[in-house]
Amino acid sequence: MSSPVEIVQTLQTLIASTYSGTVTDPLVLFKAKHTISNLCLSLLQVVQGPEEYTAILAESCQESSALHVITSLNVADHIAESPSGQLTLKELSKKTNADEKYLSVTLSALILHGYFIEVGGFGSGTYANNGFSDILRTESDGRKSMKDAIGLSADDGAKATTRLLDAVDLLARARRAGKAMVQLHFMANEGVGIDYPWAMLKSPIIDIGGGIGSLEVMLLSVSKNKDLSFIIFDLEKTVEDAKKAWSAKPQWMQDRVSFVSGNFMEPSPANSKIPLVTGGEGTYVIRHVLHDWSDEQVIKILQNVRNAMLESTAPGLTPKLLVVEMMLTETSSRFTRTTSLQLLSLNGGITRTEGTKALFILQYNVMIYYCAVQFARLFEESGFRVRAVKEVRGVDQVIELTPNLA
């Protein structure tokens, strides 16, 4: 496979000759455009690598579904009919009778591909049409439209292709889902275990809703993190599964992990069984959990964790909470946006926005900036203060929180 530099050089030469105006043969132009498209695809393959490219290809069905949803709701038509040529998310929600959060995530996936304009920039929640979204409008007066073609491909075609392979049984599907989460987490977030200074945290690290311990496997696979100790906290059945999974790990890894079962929806530590740490010496982590819950439930979960943290507080020492989540930002990758659609369609999960770029302070090599919008409001209402946000090589971000004692 050619290097990225070689592909770009070939692209530059071909694009210059194709669009210089010297090529007039329609068939030659047609073939050249296909060659350019294929070279762009080759460039993506080289830049992304086989894992990321394959994951995005597998999730591209989410983008097809997004096109189908937006055209079925006549979003482009509604915007075109507006006197100002633009509509807010709230206005679109009212006109389409669709939930705002669903519209927001779906439109975000299409905006990455050039459909629609978010007037005022990312997060403004106001949308206008452009040349690409115009073809999503209903065909009339000779105006070109792809609306029915999208319906055929993304509805009838998609349903037909699901029958190419007969559905496996539910148990096999559940096993596949568990393995898929591990594969995707490592593909998309391998840098989380390396880039964030986990080794500097106070142990034990209490993993709230830790599942079978995929975070612990990832962190302990990095040599600088091998002295950390962990407590995996989850429902009793999940903890039983986690213990079985960890029984096959090397003994030194087993020695770094313990398990506690409970329910983080219970408000008091006595009932929730959320582990307490001695004298504030410990760190709480919530990773890939909050996107599965509504705003009200997220606030409840965070408040319950905060209750346990405050019972663990010693004079001058308060445990830290890390929230590790995928978040939608202006520069979010294609994978982030397709996964957001998948979360939404599978279980109603929401990939929330992180916030604005209002203030940056460099401290201990960590980018600290004040969050806003969705997550910041949830943190504030649950009694936390954002201390830092760390970007890592992955789709996740690490948010450091402490209880707001004011």
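Reader: How are H2 and H5 oriented to each other, parallel, perpendicular or oblique?
Author: This is a predicted model, where local features need pLDDT of at least 70, side-chain atom pairs count only at pLDDT 80 or more, and totals for chains, interfaces and linings use all residues. Residues are numbered from 1 along each chain as its sequence is written, and side-chain values use heavy atoms, leaving out hydrogens and water. Helix H2 (residues 26-72) packs on helix H5 (residues 100-111) at about 120 degrees, with the axes 9 Å apart. Angles under 35 degrees count as roughly parallel, over 145 as roughly antiparallel, 65 to 115 as roughly perpendicular and the rest as oblique, so H2 and H5 are oblique.

Reader: Which residues of H5 does H2 meet?
Author: Contact means heavy atoms within 4.5 Å. On the H2 side, Glu 63, Ala 66, Leu 67, Val 69 and Ile 70 take part. Their partners in H5 are Leu 103, Thr 106, Leu 107 and Leu 110.

Reader: How many residues of each class are in the contact of H2 with H5?
Author: Ala, Val, Leu, Ile, Met, Phe, Trp, Tyr, Cys and Pro count as nonpolar, Asp, Glu, Lys and Arg as charged, and the others, Gly among them, as polar. By that scheme, the contact has seven nonpolar, one polar and one charged residues.

Reader: Is Asp 77 buried or exposed?
Author: Asp 77 lies in helix H3 (residues 75-81). It touches Arg 137, Thr 138 and Lys 147, not counting residues up to four places away in sequence. Buried means under 20% relative accessible area, exposed over 50%, partly exposed in between (1.4 Å probe, protein chains only). At 10% relative accessibility, Asp 77 therefore counts as buried.

Reader: How far apart in space are Asp 77 and Thr 138?
Author: In sequence, Asp 77 and Thr 138 are 61 residues apart. In space, their C-alpha to C-alpha distance is 6.8 Å.

Reader: What is the bridge partner of Phe 384 in E12?
Author: E11 and strand E12 (residues 396-403) pair in the antiparallel sense over seven bridges. In E12, the partner of Phe 384 is Pro 403.

Terms used:
Axes fitted to C-alpha atoms, helices over the stretch in contact; angles between N-to-C directions. Helix = DSSP H or I, 4+ residues; strand = E, 2+ residues; numbered from the N terminus. Pairing = 2+ DSSP bridges.
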